[in-house]
Amino acid sequence: MALLETKGLTKLFGGLSAVDRLHLRVEQGDIMGLIGPNGSGKTTALNLITGFLKPTEGSVTYEGQDVTGLEPHELARKGLVRTFQITTLFENLTVRDNILHGSHLANPTTLMGALVRSGRYRRQRADMEARARELLALVGLEQRIDSVARDLSAGEHRYLEIAIALAANPRMVLLDEPATGLNPEEAAYLMDLIRTLSREGVTILLVEHNMRLITNICTRITVLNFGAKIAEGTPGEIVDDEAVVTAYLGRRRGA
Amino acid sequence: MNWDILGQQIWNGLLNGSIYVIFAAGLSLVFGVMRVINMAHGELTMLGAMLLFTVTSVMGLSYFAGAALVVVMMALAGFLVNRVTVRPFLGHSELVVILSTVALSFILLNGSLVVWGSTPKGVDKPFNEVLQVGGVYMTTAQILLVGVCFTAVLALYLVLTRTKLGKMTRATGQNLLGARLIGINTTAVYDATLIIASGLAALAGVLIVLISAASPNLGQPLLITGFAVVIVAGMGNVGGAVAVGLFLGLTEALFGQYVSTFYRQGYLYVVMIIVLLLRPQGLFGRR
Amino acid sequence: MRLRNRPGLWFGAPALAVAATAPLFLFTNSYNRGLLVLIVIYAMAGLSLDYIMGEMGQFSFGHAAFWGFGAYVSAKLALDLGVSPWIGFLAAPVAAGLVGLLIGYIALRRTRGLELAIVTLGFGVLAWTVALRWRPVTGGPAGLRQVPPPSLLGWEIRSELAYYYFALLLLLGVVFILTRLRESRFGRAVRSIHENEDLASSIGVPATRSYVFAFSFACALVGFSGALYAHHFRFVNPNLLGLQYMFIFLIVVLLGGTGTVWGPVLGAAIFVLVSEWLRALQEYRFLIFGVVLLMVVLFMPNGVFPALRRVARRVTGSGRSGGEEAARGAYPGSGGSEAG
């Protein structure tokens, strides 16, 4: 059984289809790449899956359940968490507070505990603090724990964003063009980070328009053009696919 | 059903509705272009009415000369409103602008109470013959009011749709940064917006005296009515505000006649809440 | 150093000392002590409005309506049913909170920001109209009189002095709860929506539901403040729901500084005392007040308290590396007081 599956997913904007009958299957443990030229409907597809947009037609199944049209926070509760194309952080908070605020789902404290500051509450807080440090160590931001998020570099923004997503203890993470705005070293570090996540057991759907960047790390790739799927397979198969080469790479080469 | 009473209430509703239209159009314009809630808009109307009283009764100008003078003066004062209470705060949160316009309304209201006292003042109407059309009584002053309102709305429509200024205000309202990038002087657009809005507010003020007395206390209730109109129409939608202002003026009069005089004041807000429940973005709003 | 870990203490401790001893020197007659009661009640209402403004980053223009509603509920229970004011002090926030839940649900489903401000304004005016018109229940424009004071062990809390200490104690309780609430899971959820609603919902925060509860909480708190007003000044009337008090609460919050627990307390003190000093100017009083207000907004757009805090930081040398903006986003205690 696939962990995530979409069937006939369609979104019309004023009669034009941004996503057209998309069938997508992501198996547990995959690093699935969703690629396509700019404007091919990748981000719209991601918004449809994560509940930020409601599909015109079609369904989304996650863990065998129909989750079509659920709100983003309901999906997050089921372990499906996303990041955004434009880096999205709690810009005015410190790195530490970004993680602590991001730990909403993993926060076991009760209101009464917080009001009376019970021993149990203090222990839970200390655990959350320790977990925040672990996550920051994982993404390499432990030195920046007291910095304000908006002072971070572009790369650090991305790493923190991923740490926030992880703080929700996700089973699957959807990353929307995470390499945007990063220099080659930062992008390489990010791809390493994604591999680490995958080793930790998180299933990944990676939206990207830069195909070269992700052929190394993806287990499978789906290619979109004009909202419709034009190819699917292993990175090796995709690179050789006729339709992909003409619709995507061919045009690039010619440009 | 007494058709004369119905006709009379429709006429009365049209009179109030015309004022709501002029008032709410300015309020909505400021919100739509600048994302500013101008809490002093009601006091600008009040000031228009009070100044008209002074220039006609004290300085002896005719109604028309006085009204023209007051509207022009108040429109120019709109420039000051922008430079003193809006523009300095645009970098801060939207709430700070609310507070600065609240401060302005405090100053205008209490300043007016000091100058004019709280007793309502009558203003001499240019002509006030009573006509009977069918079973409906109307005065020539009332007909003037409706005529001026429709002319003003038409003029506003032409300015907003046919002129370069209109295009610039729309671009600024849709995307401030984008407007700046394509070379629009947004400071001038903001000045112009508040000049137009203050002129409209003052116009409402000089017209109100045709159907009621001028009093420093007329601003706040009008502001609140204006907000109800703007919400029902959809925030920042000037055309919607015109349609809704007229509609609410008419139905409010009918509600007062046929349902309850007592809760007439509440009618607008009940409509507002129903609209919010069914269509939170307002009747003409898009989301 | 402990002061460093508890950013509110440098102000809170001296402020409490001044508040506790104020009736001994400056505020020695009952009129002046009545002003102290007013400060406490306005401070509580301001804290509640600031929960919406500072924590939620939203704005309610109908907040005075909940204040007046709480006052009416408690007064009505005491006058018509002979219910003890103590029950009224419980019933007022519960009733205001429930109405807040309903209105919050209607208003917060889609509207945020300035739209929400105008929508709540509409609700507030509707409530005011009903209070004015529904004469059999609300007493019409004259309102209700002879609201009884609360009594403790057979002793009526009637004097300004007793009521002041009683209300001050409650205010401290409110400050305590608000401070702790900020660090709770709920408080963090609310703050995270304020900071970034998309991100908050993508990591599992139910944004609208959290905001509706937060709004309802603020309404309950202001309803409580209204009940305190009713049982001290012993009357209620429709003005309590009107724009005049709305503006007062707004001034209290913005004068003191939004997003800080002590800001509204300081703002209430400044507002009550300054408008009292201006009383000598008679009809010029509110005119001058408007000018003063405009000046404060012009020169201290963040309010008086953050300006004071900057000075205090410089004096005690406990400035943060992130500067003022970081401190605005940070929570009391989240900077390591518990982790350390």
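Me: Which residue forms a salt bridge with Arg144(A)?

Reply: Here is the general idea: side chains of opposite charge can pair when their charged atoms come close. The cut-off for a salt bridge is a side-chain nitrogen of Lys or Arg within 4 Å of a carboxyl oxygen of Asp or Glu. In this predicted model, local features need pLDDT of at least 70, side-chain atom pairs count only at pLDDT 80 or more, and totals for chains, interfaces and linings use all residues. Side-chain values use heavy atoms, with hydrogens and water left out, residues are numbered from 1 along each chain as its sequence is written, and chains are lettered from A and ligands numbered from 1 in the order in which they are written. Arg144(A) pairs with Glu156(A), and their closest N and O atoms are 3.2 Å apart. This pair links distant parts of the chain, 12 residues apart: Arg144(A) is in the loop between α5 (119–139) and α6 (154–167) of chain A, while Glu156(A) is in helix α6 of chain A. Helices (H or I, at least four residues) and strands (E, at least two) are DSSP runs, numbered from the N terminus.

Me: Are Arg144(A) and Glu156(A) buried or partly exposed?

Reply: We go by relative accessible area: buried is under 20%, exposed is over 50%, and partly exposed is in between (1.4 Å probe, protein chains only). Arg144(A) has 26%, so it counts as partly exposed. Glu156(A) has 18%, so it counts as buried.

Me: How far apart along a helix are Asp192(A) and Arg195(A)?

Reply: An α-helix has 3.6 residues a turn, so residues three or four places apart point the same way. Asp192(A) and Arg195(A) are 3 residues apart in helix α7 (residues 184–199) of chain A, so about one helical turn separates them. They form a salt bridge, with 3.2 Å between the closest N and O atoms. Asp192(A) is partly exposed at 43%, and Arg195(A) is partly exposed at 32%.

Me: What does Asn47(A) touch, leaving out residues up to four places away in sequence?

Reply: Contact means heavy atoms within 4.5 Å. Asn47(A), in helix α1 (residues 42–49) of chain A, touches Phe52(A), Leu53(A) and Arg82(A) on that count. A polar contact is a pair of N or O atoms within 3.5 Å; within protein, one must be able to donate a hydrogen and the other to accept it, and residues adjacent in sequence count only if both atoms are side-chain atoms. The side chains of Asn47(A) and Arg82(A) are joined by one, at 2.5 Å. Asn47(A) is buried, with a relative accessible area of 16%.

Me: Now the interfaces, please. Which pair of chains shares the most contacts?

Reply: The size of an interface is often given as the accessible area lost when the parts come together. Buried area is that loss (1.4 Å probe), summed over both parts. Of the 2 pairs of chains in contact, B and C share the most contacts. Chains C and B bury about 4,100 Å² between them, 81% of it on carbon and sulfur atoms. Across this interface there are 0 salt bridges and 0 residue pairs in polar contact (both at pLDDT 80 or more). On the side of chain C that touches chain B, α6(C) gives the most, with 13 residues.

Me: How much area do chain C and chain A bury between them?

Reply: They bury about 3,200 Å², with 57% of it on carbon and sulfur atoms. Arg185(C), Arg188(C) and Ile203(C) supply 23% of the area that chain C buries against chain A. Between chain C and chain A there are 3 salt bridges, including one in which the side chains of Arg117(A) and Glu183(C) meet at 2.9 Å, N to O. Chain A and chain B, by contrast, do not touch, and their nearest C-alpha atoms are 13 Å apart.

Definitions and conventions: Buried area is the accessible area (1.4 Å probe) that two parts lose on being put together, summed over both.
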